[in-house]
Amino acid sequence: MSDAAPPHAAPDSGGPLLSVRGLVTHFPVKRGLLKRTVGVVKAVDGVDFDIYPGETLGLVGESGCGKSTVGRSILRLVPTTAGSVTYRGEDVLAAPGGRMRQLRRQMQIIFQDPVGSLNPRMTVGSIVGEPLVVHRLASGSELRDRVANLLTKVGLLPEHAQRYPHEFSGGQRQRIGIARALALEPEFIVCDEPVSALDVSIQGQVLNLLNDLQDELGLSYLFIAHNLAVVEHFCDRIAVMYLGRVVELADRETLYRNPLHPYTRALLSAAPMPEPDAQRRRIMLLGDVPSPIHMFSDDGAPAGMSSDERAELDAEREEGFEYVTRESLLDRPPLEEVPGEPGHFVSPSRELAAV
């Protein structure tokens with residue numbers, strides 16, 4: 001490995017639309033009557049990436065690794081601890097209230113839960129049209145026409161504007177969320193696991209809709225997911241996240257052809273295969289998921305398995321059983337570019353040299 005600048009897109013691309021550098025989001029843990037801070041949850045602990053115009057960057061990892069917090073931190077939906085988020089050269093985290101209100105017209109989000117993200121007491125027309133009202137972009141008949149056009153664009157009918165969210169299926173409710181995100185004509189959308197709560201047959205329809213909208217409107221996506229099959233189908237580049245940090249970043253073809261980080265290899269080996277009889281060498285990910293509050297034991301050593309458990313697994317490894325211990329993944333150095341593979345970045349680990 002060799003030292004490299006922060007990760008960028010493939011060669012021949014223009015300047016980034018969005019740049020994230022050293023993003024840190026910690027949440028205090030308070031206890032007692034006086035609510036003293038006794039620790040911090042390191043949800044995001046130093047994340048770097050770029051997103052380019054018209055690009056879809058996939059952000060994958062286990063539940064609890066900080067994916068959704070990254071998306072919400074970018075949009076300032078949760079307070080950040082450190083780092084910078086630059087949108088078209090402007091620091092989003094330092095923007096005052098009035099300017100941030102303007103920036104929100106360019107950056108929107110599609111939430112994971114199509115039920116909880118829609119107000120059950122508002123009609124669909126009020127939900128989709130609310131951004132236009134808040135930003136004073138339309139009213140009266142013009143507002144109704146724009147809402148009807150948005151509903152049509154996402155595959156719904158104009159008359160659906162008079163109904164309430166509970167009258168729709170899960171896939172239709174997610175289409176309502178997409179219409180709301182499109183209302184202000186943004187350039188960048190955070191897709192926070194937009195299909196994970198939907199049936200498999202509906203997932204494909206929503207993904208195709210997002211893809212068509214991207215081609216039509218020139219949108220850029222941060223696509224957060226844990227389904228590796230969906231990410232492979234939908235994303236241009238993929239960032240793999242573990243315990244608050246990105247451990248590998250590459251374009252889609254490179255990552256699936258040559259995954260280098262042990263955590264990436266373990267995730268890919270666990271993904272279901274479409275062919276029932278196909279064989280794949282499974283790499284087991286062993287050990288409990290470390291707490292983002294206490295990732296190290298009292299003596300400063302990484303928390304993990306006992307020496308006897310490790311010796312037993314080493315013996316099984318010699319017999320052909322492959323595994324990666326979570327203990328070995330706790331050390332997550334900054335990303336370095338892989339020699340001979342431009343745009344492929346990986347965080348060196350204790351087990352990487354043996355891969």
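Visitor: Which residues of H6 are buried?

Guide: In this predicted model, the buried residues of H6 are Gln203, Val206, Leu207, Leu209, Leu210, Leu213 and Gln214. Each of them counts as buried because its relative accessible area is under 20%.

Visitor: What makes you say that they lie on the same side of H6?

Guide: They cover an arc of only 155 degrees around the axis, so they share one side of H6. Here is a handy rule: an α-helix has 3.6 residues a turn, so residues three or four places apart point the same way. On the other side of H6 you will find Ser201, Asp215 and Glu216, which are exposed.

Visitor: What covers the buried residues of H6?

Guide: The cover includes strand E3 (56-60), E6, H4, H5, strand E8 (220-225) and helix H7 (228-234).

Visitor: Why is H5 called largely enclosed?

Guide: Eleven of its 13 residues are buried, so the rest of the structure largely encloses H5. Among those buried residues are Arg173, Gln174, Ile178 and Leu182. The buried residues of H5 pack against strand E6 (107-110), helix H3 (124-134), helix H4 (140-153), strand E7 (188-192) and helix H6 (200-217).

Visitor: What does Ile178 touch, leaving out residues up to four places away in sequence?

Guide: Ile178 touches Ile110, Val154, Val206, Leu209, Leu210 and Leu213. In the largest nonpolar core, which has 57 residues, Ile178 and Phe223 touch the most other members. There is also a second, separate core of 32 residues, including Val70, Tyr87, Leu103 and Leu335.

Visitor: Why is the pair of Asp50 and Arg21 called a salt bridge?

Guide: Their side chains meet with N and O 3.0 Å apart. The cut-off is 4 Å, so the pair qualifies. Asp50 lies in strand E2 (residues 36-51) and Arg21 in strand E1 (residues 18-31), so the pair ties together parts that are 29 residues apart in sequence.

Visitor: Are Asp50 and Arg21 buried or partly exposed?

Guide: Asp50 has a relative accessible area of 0%, so it is buried. Arg21 is at 22%, so it counts as partly exposed.

Visitor: How many salt bridges does the structure hold?

Guide: There are nine salt bridges. One of them joins Glu187 and Arg88, with the closest N and O atoms 2.7 Å apart. Glu187 is in the loop between H5 and E7, and Arg88 in the loop between strand E4 (82-87) and strand E5 (90-91), so this pair ties together parts that are 99 residues apart in sequence.

Visitor: Why is the link between His344 and Glu248 called a polar contact?

Guide: Their side chains come together at 2.6 Å. His344 is found in the loop between strand E13 (336-337) and strand E14 (345-346). Its relative accessible area is 1%, so His344 is buried.

Note on methods:
Residues numbered from 1 in each chain as written. Predicted model: local features only at pLDDT ≥ 70, side-chain atom pairs only at ≥ 80, totals over all residues. Heavy atoms only, no water. Core = buried A, V, L, I, M, F, W, Y, C linked by side-chain atoms within 4.5 Å. Buried < 20%, exposed > 50% of the residue type's maximum accessible area, 1.4 Å probe, protein only. Contact = heavy atoms within 4.5 Å. Helix = DSSP H or I, 4+ residues; strand = E, 2+ residues; numbered from the N terminus. Polar contact = N/O pair within 3.5 Å; in protein donor to acceptor, adjacent residues only side chain to side chain. Arc of directions from axis to C-beta.
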